[in-house]
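Subject: A structure for you to look at

Hello,

I am passing on a structure that you have not seen before. Please open it first, and then read on for what turned up.

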Amino acid sequence: MRIGVVAPARTVTRESALRMSAFMALTYPAHEIVYHPQCFTTQGHFAGPDEVRAKAFLEFANDPGFDAIWFARGGYGSNRILHEVMPQLTPAAHNKSYIGYSDMGFMLGALYARRIGRQVHGSMSSSMGVDDTGE
């Protein structure tokens with residue numbers, strides 16, 4: 001299984017991504033986790049400007065090479081890109097699971113309402129280990 005991680009809202013640290021990548025490699029070696037470089041960008045408390053976050057989400061969601069999209073972190077920024085991303089999701093996006101909770105409910109709810117993919121209420125990739133301040 002190939003899992004793509006994107007940050008439609010808040011940024012994460014490289015340390016957080018490394019912790020999760022190491023955990024996955026040791027615990028689930030048949031699974032590959034890929035962090036989009038956008039996860040580490042910053043604009044204010046967001047993981048980059050709205051356009052950058054939207055583009056990263058669409059890139060991974062529309063890539064048939066990913067089986068699932070895992071949201072890196074919560075934050076209300078995801079609701080700011082819904083109007084742009086939802087109309088641009090291709091058939092490849094319909095065949096994925098989308099994992100997250102908290103403010104990612106904006107994304108999960110929008111996907112559910114449009115019957116796109118399978119929504120999973122679960123921890124985000126930055127939840128492992130010490131608190132990730134995103135700084």
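Predicted model: local features only at pLDDT ≥ 70, side-chain atom pairs only at ≥ 80, totals over all residues.

Residues are numbered from 1 along each chain as its sequence is written, and side-chain values use heavy atoms, with hydrogens and water left out.

**The sheet and its helices**

An open sheet is built from five strands in the order β2-β1-β3-β4-β5, with parallel pairing. Strands (E, at least two residues) and helices (H or I, at least four) are DSSP runs numbered from the N terminus, and two strands pair if DSSP finds at least two bridges between them. β2 (32-35) and β5 (118-121) are the edge strands; each has a single partner, so one side of each is left without a neighbour in the sheet. From one strand to the next, the twist averages 25°. Strand β1 (residues 2-6) is joined to β2 by four bridges, and Arg 2 has Glu 32 as its bridge partner in β2.

Helix α1 (residues 14-27) lies across β1, β2 and β3 (68-71), and runs at about 170° to β2. Helix α4 (residues 105-113) also packs on the sheet, where it touches β3, β4 (97-100) and β5 and makes about 150° with the direction of β5. Such angles run from 0 to 180 degrees between N-to-C directions, using axes fitted to C-alpha atoms, for helices over the stretch in contact; contact means heavy atoms within 4.5 Å.

**Aromatic rings**

How many aromatic pairs does the count come to? The count is six, where rings of Phe, Tyr and Trp (its six-membered ring) pair if their centres lie within 6.5 Å, and planes under 30 degrees apart are stacked, over 60 edge-to-face and the rest tilted. Phe 23 and Tyr 28 are edge-to-face, because their ring centres are 6.3 Å apart and their planes stand at 70°. Phe 46 and Tyr 76 are edge-to-face too, with centres 5.4 Å apart and planes at 75°. This second pair links distant parts of the chain, 30 residues apart: Phe 46 is in the loop between β2 and α2 (50-61), and Tyr 76 in the loop between β3 and α3 (82-85). Tyr 76 is partly exposed, at 41% relative accessibility.

Arg 53 lies over the face of Phe 46, at 4.6 Å from the ring centre. A charge sits over a ring if NZ of Lys or CZ of Arg is within 6 Å of the ring centre and within 35 degrees of the ring normal.

**The cores**

Ring pairs also link Phe 57, Phe 71 and Tyr 98 into a cluster. These residues are among those that touch the most other members in the largest nonpolar core, which has 25 residues; such a core is a set of buried Ala, Val, Leu, Ile, Met, Phe, Trp, Tyr and Cys residues joined through side-chain atoms within 4.5 Å. Its largest share, five residues, comes from α2. A second, separate core of 16 residues includes Val 12, Met 20, Trp 70 and Ile 99.

Best wishes

Terms used:
Buried < 20%, exposed > 50% of the residue type's maximum accessible area, 1.4 Å probe, protein only.
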